[in-house]
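The exercises below are to be worked with the sequence and the model open. Each task is followed by a solution in steps.

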Amino acid sequence: MTRFTVNDRPVHYRMDPDTPLLWALRDASNLTGAKYGCGTGDCGACTVDIDGEATRSCQISIAQAEGRFVTTIEALSPDRGHPVQQAFAADNVSQCGYCIPGVIMAAQALLRRTNDPSDEQIDAAITNICRCGVYPRLRGAIKRAGRIMRGEEQVAAAPPPGIAPEDAARAVPALGKR
Ligand code: FES
Ligand code: FES
């Protein structure tokens, strides 16, 4: 069976049960935030949240996702207001941006476990590969996100997306609302 929950909505993919979750999300649900980088579990570009754990979606089949709760970058917040997104925008972390959805999904899972992570915890949790080399800014932005979550810091809202959330939800019904 291939029934599970994606972004708070029940889904049933009528696809080969061995299909990697990444391709079901991208090709069937049009959720293209999770990226294909290597297909071998090394780069982390495809990272999504499954039951609270950062998971490389190229390495899990839709059969293995049966009954689980999958959250993609599209549903992390309705308005890019998640503390990690705020901190990444404030610190200008992104360069080309290709790896960033996966990094953000890994970072939010870490911060849910501990909102004051050490350098070692960040390095252990964020094993994603960035071809642009934004690594020096990652630690600082994740620590900043922790301060935002702890109520010790506020940052200006991230700039509005180029499309209104309601228009995006109409264009991509799988985005839904949280
Ligand atoms: S595409 Fe999944 S880890 Fe690289
Ligand atoms: S920002 Fe370009 S790959 Fe990471």
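**Exercise 1. Find the bridge partner of Ile50 in S4, and describe the pairing of S3 and S4**.

Step 1. The partner of Ile50 is Glu53, which belongs to S4. Helices (H or I, at least four residues) and strands (E, at least two) are DSSP runs, numbered from the N terminus.

Step 2. S3 and S4 run antiparallel and are joined by 4 bridges. Two strands pair if DSSP finds at least two bridges between them.

Step 3. The two strands make a hairpin with 2 residues between them, and Asp51 in that turn has a positive phi of about 50°.

The model is predicted: local features need pLDDT of at least 70, side-chain atom pairs count only at pLDDT 80 or more, and totals for chains, interfaces and linings use all residues. Residues are numbered from 1 along each chain as its sequence is written, while chains are lettered from A and ligands numbered from 1 in the order in which they are written.

**Exercise 2. State which domains are assigned and which elements of domain 1 touch domain 2**.

Step 1. The assignment gives domain 1 (3-75) and domain 2 (83-149). These bounds come from an automatic or database domain assignment.

Step 2. Between the C-alpha centres of domain 1 and domain 2 the distance is 21 Å.

Step 3. Contacts link 15 residues of domain 1 with 12 residues of domain 2. Two residues are in contact if their C-beta atoms, placed from the backbone, lie within 7 Å.

Step 4. On the domain 1 side, strand S3 (47-50) and strand S4 (53-56) are the elements that give two or more residues. S3 has the largest share, 3 residues.

Step 5. By class, this side of domain 1 has 7 nonpolar, 4 polar and 4 charged residues. Nonpolar covers Ala, Val, Leu, Ile, Met, Phe, Trp, Tyr, Cys and Pro; charged covers Asp, Glu, Lys and Arg; the others, Gly among them, are polar.

**Exercise 3. Is H2 largely enclosed or open, and why?**

Step 1. A residue is buried if 20 or more other C-beta atoms lie within 10 Å of its own, exposed if 12 or fewer, and partly exposed in between, with C-beta atoms placed from the backbone.

Step 2. In helix H2 (residues 83-90), 6 of the 8 residues are buried, so the rest of the structure largely encloses this helix. The buried residues are Pro83, Val84, Gln85, Gln86, Ala87 and Phe88.

Step 3. Their packing partners are helix H3 (100-113) and helix H5 (135-149).

Step 4. After H2 comes Asn92, with a positive phi near 50°.

**Exercise 4. Identify the residues that touch the most other members of the largest nonpolar core, and the elements that supply this core**.

Step 1. A nonpolar core is a set of buried Ala, Val, Leu, Ile, Met, Phe, Trp, Tyr and Cys residues joined through C-beta atoms within 7 Å.

Step 2. The largest such core has 46 residues, and Val103, Ile104, Ala106, Ala107 and Ala145 touch the most other members.

Step 3. At least two residues come from each of strand S1 (3-6), helix H1 (21-28), S3, H2, H3 and H5. H3 gives the most, 9 residues.

Step 4. Both domain 1 and domain 2 contribute at least three residues each.

Step 5. Leaving out residues up to four places away in sequence, Ile104 touches Ile73, Leu76, Val84, Gln85 and Phe88.

**Exercise 5. Classify Asp8, Arg80 and Glu74 as buried, partly exposed or exposed**.

Step 1. Asp8 sits in the loop between S1 and strand S2 (9-12). Asp8 is exposed, with 12 other C-beta atoms within 10 Å, and its phi is positive, near 70°.

Step 2. Arg80 is in the loop between strand S5 (69-71) and H2. Arg80 has 18 C-beta neighbours inside 10 Å and counts as partly exposed; its phi is also positive, near 60°.

Step 3. Glu74 is in the loop between S5 and H2. Glu74 counts as buried, with 25 C-beta neighbours inside 10 Å.

**Exercise 6. Give the order of helices and strands in the protein chain, and the share of its residues that are buried**.

Step 1. The chain has 6 helices and 5 strands, in the order β-β-α-β-β-β-α-α-α-α-α.

Step 2. Of its 178 residues, 41% count as buried.
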